[in-house]
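My entries follow in the order I made them.

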Amino acid sequence: MFGAVLGKAAGLVATGLAGAVTYDGMKRVVRSGAVREAAVTATAWGLRGARAAETGAERARLATADIVSEARGRIGEEAPAPGSGGGHTHEH
């Protein structure tokens, strides 16, 4: 019985020691600025990804507009001039 209690106590001490070492290591990492550097790097990657997605979306929008314009031309329909309002003719 005493051996079982001693074994449990040794396990708890080892777990506590490992936790303390981990905690001290994390404090050192935070103080060194590595966490902030990693956050800045991750944010920069995110911004690059967002810009690439925006560029792709703009290209897709322009390609779609070209296709619609060509299709309107084939059926003899003129596209409205940019900024003309597209048929909003009543007064306010």
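I looked up E77 and found 42% relative accessibility, so E77 counts as partly exposed. The classes I use are buried (under 20% relative accessible area), exposed (over 50%) and partly exposed (in between), with a 1.4 Å probe and protein chains only. This is a predicted model, where local features need pLDDT of at least 70 and side-chain atom pairs count only at pLDDT 80 or more, while totals for chains, interfaces and linings use all residues. Residues are numbered from 1 along each chain as its sequence is written, and side-chain values use heavy atoms, with hydrogens and water left out.

Next I checked the partner of E77. R72 forms a salt bridge with E77, and the closest N and O atoms are 3.3 Å apart. A salt bridge here is a side-chain nitrogen of Lys or Arg within 4 Å of a carboxyl oxygen of Asp or Glu. Side chains of opposite charge can pair when their charged atoms come close. R72 has 28% relative accessibility, so R72 is partly exposed.

I then counted the salt bridges, and the structure holds 3.

Another one joins the side chains of R74 and E70, at 3.0 Å from N to O. Both R74 and E70 lie in helix 2, 4 residues apart, which is about one turn of the helix. Helices (H or I, at least four residues) and strands (E, at least two) are DSSP runs, numbered from the N terminus. R74 counts as exposed because its relative accessibility is 70%. E70, with a relative accessible area of 46%, is partly exposed.

I also noted the salt bridge between the side chains of R61 and E58, at 2.8 Å from N to O. R61 and E58 are both in helix 2 (residues 34–74), 3 residues apart, about one turn of the helix. R61 is partly exposed at 47% relative accessibility, and E58 is partly exposed at 36%.

How many helices and strands are in the chain? I found 2 helices and 0 strands.

Of the 92 residues of the chain, 0% count as buried. The chain exposes about 8200 Å², and carbon and sulfur atoms supply 64% of that area. Accessible areas come from the Shrake-Rupley method with a 1.4 Å probe, and for residues only the protein chains shown count as cover.

Last, I looked at V30, which is in helix 1 (residues 2–32). V30 counts as exposed because its relative accessibility is 51%.
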